[in-house]
Amino acid sequence: MANNPGAKKAVRKIARRTEVNKARRSRVRTYLRKFEEALAAGDAGLAKAAFVEAQSELMRAVSKGVVHKNTGSRKVSRLAAQLKKLAVA
């Protein structure tokens with residue numbers, strides 16, 4: 001258990017950052033789910049709009065350090081591939 005003032009402050013800071021990061025991760029998942037729903041509906045226009053929003057949100061999470069850069073890039077790449085497959089079909 002934290003026993004000196006600096007350690008106690010660090011615990012408080014970590015708790016605050018954890019809440020912010022949880023909210024940001026949840027927001028990313030929401031946009032990813034919206035994209036998947038648009039894909040399932042088969043609406044290319046809606047899927048394209050959802051892709052742009054999901055990509056933006058993922059890259060924002062990368063810039064904030066919530067998601068690793070390579071993870072964000074990989075997810076965007078896979079989303080783009082799914083969108084391309086829908087557009088071709």
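At what angle do H2 and H3 pack, and how far apart are their axes? The points below take up this question and then the rest of the chain.

1. **Packing of H2 and H3.** H2 and H3 pack at an angle of about 175°, and their axes are 9 Å apart. Axes here are lines fitted to C-alpha atoms, for helices over the stretch in contact, with angles running from 0 to 180 degrees between N-to-C directions. The two helices H2 and H3 are therefore roughly antiparallel to each other. Angles over 145 degrees count as roughly antiparallel, under 35 as roughly parallel, 65 to 115 as roughly perpendicular and the rest as oblique.

2. **Basis of the description.** This is a predicted model, in which local features need pLDDT of at least 70 and side-chain atom pairs count only at pLDDT 80 or more, while totals for chains, interfaces and linings use all residues. Residues are numbered from 1 along each chain as its sequence is written, and side-chain values use heavy atoms, with hydrogens and water left out.

3. **Overall architecture.** The chain has 3 helices and 0 strands, and its elements run α-α-α from the N terminus on. Helices (H or I, at least four residues) and strands (E, at least two) are DSSP runs, numbered from the N terminus.

4. **Dimensions.** The radius of gyration of the chain is 18 Å, whereas a compact globule of 89 residues would have one near 12 Å. This radius is taken over C-alpha atoms, and the globule rule is 2.2 Å times the number of residues to the power 0.38. Along the principal axes, the C-alpha atoms fill a box of roughly 60 × 20 × 15 Å.

5. **Residues between H2 and H3.** The contact (heavy atoms within 4.5 Å) includes Phe51, Leu58 and Val62 from H2, and Val76, Leu79 and Leu83 from H3. By class, the residues of this contact of H2 with H3 divide into 12 nonpolar, 3 polar and 3 charged. Ala, Val, Leu, Ile, Met, Phe, Trp, Tyr, Cys and Pro count as nonpolar, Asp, Glu, Lys and Arg as charged, and the others, Gly among them, as polar.

6. **Packing of H1 and H3.** The axes of helix H1 (residues 5–41) and H3 come within 11 Å and cross at roughly 15°. H1 and H3 are therefore roughly parallel to each other. In H1, Leu32, Phe35 and Leu39 meet Leu79, Gln82, Leu83 and Leu86 in H3. This contact of H1 with H3 has 6 nonpolar, 1 polar and no charged residues.

7. **Glutamate 57.** Helix H2 (residues 44–64) holds glutamate 57. Glutamate 57 counts as buried because its relative accessibility is 3%; buried means under 20% relative accessible area, exposed over 50%, and partly exposed in between (1.4 Å probe, protein chains only). Leaving aside residues up to four places away in sequence, glutamate 57 touches Arg27, Val28 and Tyr31. In the chain as a whole, buried residues make up 25% of the 89 residues.

8. Glutamate 36, in helix H1, is partly exposed, with a relative accessible area of 47%. Glutamate 36 and leucine 79 are 43 residues apart in sequence, and their C-alpha atoms are 8.8 Å apart in space. Lysine 84, in helix H3 (residues 69–88), counts as exposed at 61% relative accessibility. The C-alpha atoms of lysine 84 and threonine 30, 54 residues apart along the chain, are separated by 21 Å.
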